[in-house]
Amino acid sequence: MLDFATVLTKGGLVLFSKSYSSTLQPGVSVPNHPVDALVRDVLVEERSGKMAEDGFNKDSWKVKWTFENKLGLIFVIVYQKILQLTYIDELLELFKRAFTNTYGEELTKLDALSDFSSFEEKFDDIVTRVEAKDSEAKKHRKPRTFQETAQFANTVAGQQPQLPAKEESNNDSKENDDSTDSAGPTTPNMSRKLAALRGGRGGARGRGRGGKSAKPSPSRTDSEQDITKGKQKRTWVDGLAGSSSNEKLDFSDTKEGDDVAVPEALVGTAVGSRTEDGVYDALEMDDAYGGTEDEFADILAPTEEETKASKPTGVFGFLRNLTSAKTLTKEDLDPLMLRMRDHLISKNVAAEIATHLCGSISAGLVGEKVGAFTTLKSAVKQHMEPALKRILTPRTSTDVLRDIFAAKAQGRPYSIVFVGVNGVGKSTNLSKVCFWLLQNRLKVLIAACDTFRSGAVEQLRVHARNLTALEEGAVVDLFDRGYGKDPAGIAKDAIHYAKTQGHDVVLVDTAGRMQDNEPLMRALAKLVSTNDPDKIIFVGEALVGNEAVDQLTKFNQALKDFSGLQTPRQIDGIILTKFDTIDDKVGAALSMTYITGQPILFVGMGQTYTDLRKMNVKSIVNSLLAGL
Amino acid sequence: MMEIATSASNLPLIAAVLSLLLLVIVGAIVYRLKSTDGKRDTFLITGLSDSGKTVLYYRLQHEEEVAKPRLVHIVDLPGHEKLRFRFSEFTPITKGIVFILDSTTLNRNIRSVAEYLYDILVNKHVQKREVPILVLCNKNDLLLALGKEKVQELVEGEIDRLRATRAAGVEAQDEDRNGGDDFLGYENEAFKFEHVPNAVTFVSCSLIGDDDFGGVYAVGEFIANLT
């Protein structure tokens, strides 16, 4: 049912791949290969924190992946999106562990290119077994009985799941007397409902309150017994308590924790118990990996090296523990990541994005080894800096001038549309861009498509007049049709006019609009789809925080939804304005590039025509990480 | 009384002078360590995505026949646009750069290729040390591949246009950078690779095809000549 499975190193070398579909053969280059797309759109852009759980959709495929950071491997599985496969996570985990257990030692050596094709057999084995297990589970899947539903818990019968014996309830009421005096006049029914509402947390106490009533309720002794039972069963393995959830899932009597050191014994008992009772299947469904540990133990047999490494003994072991690299765990990272997230938010990065980013960084760090003298914080910082740089570095060329010359060579005017919400500085930055273009001896036409706000056309006229006066021989004209007309039509006329008059660039100024205003967004989509401009530039102010996400996603969504085209246009670039006002709270730059994946073409740094700058990625990253 | 008072007030002064001296000495040592040129033994493999960087890297690493003079570091850099900037982290210790391009898709990718090569050429360490560059025109076993002469011509033309627009771009954000990158080549002449101080060599090759083209060996020689 899979399409493609592969293991690749973070350096890009494919170690093993297996294809089940005719389109995704290894060695044959496929345009838009899902794994390529995964690397390009998710891993490089640090979006893995967001998508790791529900996978990444590419065309008709769904891609799921997992990291093995110690060895720097990525495991990828591709399958058809319409197949709702539930076992992929389990399969990936098994895939990862089987592969690392088999080849772990070879992978740490650098001098030889190993042949991993022998893994194919093992992989097939895993797939067939996981699939068989899944279909088995499906076969045994029955509709829930009424007793199991949430509704049942609210019924009277549901309140007393295992009706206790009479004498027990007597005990119970006696015992509870001291605690329930303050229960007050609440009716027994009411208190029971409250208990049900409170859920598992207050279960025992709630029931205790009801103890005063005549009706027998599930006894406290009952629950106490439960607790003592749980305590008796707890085993201490290597100074660590086996958690209660583990024990619930422990189906074999002889199992001792999760120790994989004795695989044969585990396999024997586990298989036996499963074949005997039918309950096993139902239990197994609740848990993704609970049963797999022992069932697949033969595949997951650890290599000698691993078992040795896990138990350093003696003086040398102690020394090595003291000085050697330490492997990062999620628990180590979580508090730090929380701090990192707060720090980013304090720098005005949108909260949602800070969370995704930290999740992604954390996913890339878990399992990695850090030197003994590196603090956790510096390790995180070391990862954070290139990640931020990577996000802020443009994916496409930001050389607008080069595009303009290319268009000029084709004999057509290059058109740029400025969009954005009200008052962010569209017209002002349009005039700054215009000044820069004039400096490069280009003929510019400004199209006044803001036919709504009074004074908009006059504002542009003043700019055009100033710009003409500033530069000798500068050609800058204003194309306007007054107020209240259809902006899409004006833009079309303007581009046509520019073509006949020999202008090189058309700058289209649009009316500011809030991202939620549907009629205006429709008008904008129409303007874009009828004119198909070369660049759609979103003008956003650096002052926004969380709003940046909303603005950009909604502008992009509107351009997509209302265009009526097969391949709708999206925002191609961003101008970040009012950058001189924000000091080091430069988070908006990160938020905007992260959402759109588009470059920040210019940064507005002041009020005059020359205050237009190219963004400096390094200084933005430094500002973001300052004071950490 | 006076004497004691003066000597007591001199004490912190002496301490200050001593610590200043220490600081200067330490600073000088650190500076010396940093400026030593001896560690420059790194070779970079650069190029766009899908041009064959990793193939070259692993062939250099694992093939016995390729001339390996002595211990050198070879860095396989990612070709993705967002990761390219990291080449500049290595340029201070770079001895030579191998730039790979896909000769079959050059017509489509010429702008990205030229931009990347331009960024390498204007890098201040690459300029200062005149780091030699070997341009591998890969995939020459395929039918649509361009020869190295044609590749050179195309790239030169594109860099010529590129340097004009780069020079005309708006200033970068931090003001203290004076004037941006240096202008490549000569002002009033079309750009040629001979105009730059770095030795730029073009070689046609096919890294996964037959060894007739000898791409890996050319790289091996390139490395051997520089060490």
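Mentor: Start with A:V603 in β16(A), the bridge partner of A:L576. This is a predicted model: local features need pLDDT of at least 70, side-chain atom pairs count only at pLDDT 80 or more, and totals for chains, interfaces and linings use all residues. Residues are numbered from 1 along each chain as its sequence is written, and chains are lettered from A and ligands numbered from 1 in the order in which they are written.

The strand β15 (residues 573–577) of chain A runs parallel to β16(A), and three bridges join them. Strands here are DSSP runs of E, at least two residues long; helices are runs of H or I, at least four long; both are numbered from the N terminus. Two strands pair if DSSP finds at least two bridges between them.

Is β16 of chain A open or enclosed? Five of the five residues of β16 (residues 600–604) are buried, so the strand is largely enclosed by the rest of the structure. Buried means 20 or more other C-beta atoms within 10 Å of the residue's own; 12 or fewer is exposed, in between is partly exposed, and C-beta atoms are placed from the backbone.

UniProt, in an unreviewed entry, puts "domain: SRP54-type proteins GTP-binding" at residues 599–612 of chain A. Its positions follow the numbering used here, feature names are shortened, and annotations may be inferred rather than shown by experiment. Over residues 599–612 the chain is 43% strand and 0% helix. The end C-alpha atoms there are 15 Å apart.

Now the wider chain. Chain A has 27 helices and 17 strands. Of its 628 residues, 35% are buried.

Next, an open sheet. Five strands of chain A form it, antiparallel, in the order β2-β1-β5-β4-β3. The edges are β2 (14–19) and β3 (56–58), each pairing on one side only. Neighbouring strands are turned by 20 degrees on average, direction ignored. Inside the sheet, β1 (residues 2–9) and β5 (residues 73–80) of chain A pair antiparallel over seven bridges. There, A:L2 has A:Y79 of β5(A) as its bridge partner. Helix α3 (residues 88–108) of chain A packs on the sheet and touches β1, β4 (61–68) and β5. Its direction makes about 145 degrees with that of β5(A). Axes are lines fitted to C-alpha atoms, for helices over the stretch in contact, and angles run from 0 to 180 degrees between N-to-C directions.

Look at A:E68, in β4 of chain A. It has 20 C-beta neighbours inside 10 Å, so it counts as buried. Beyond four places in sequence, A:E68 is in contact with A:L73, A:F75, A:K96, A:T100 and A:G367. Contact means C-beta atoms, placed from the backbone, within 7 Å.

Buried residues in α18(A) include A:I353, A:L357 and A:I361.

How values were computed
Contact = placed C-beta atoms within 7 Å.
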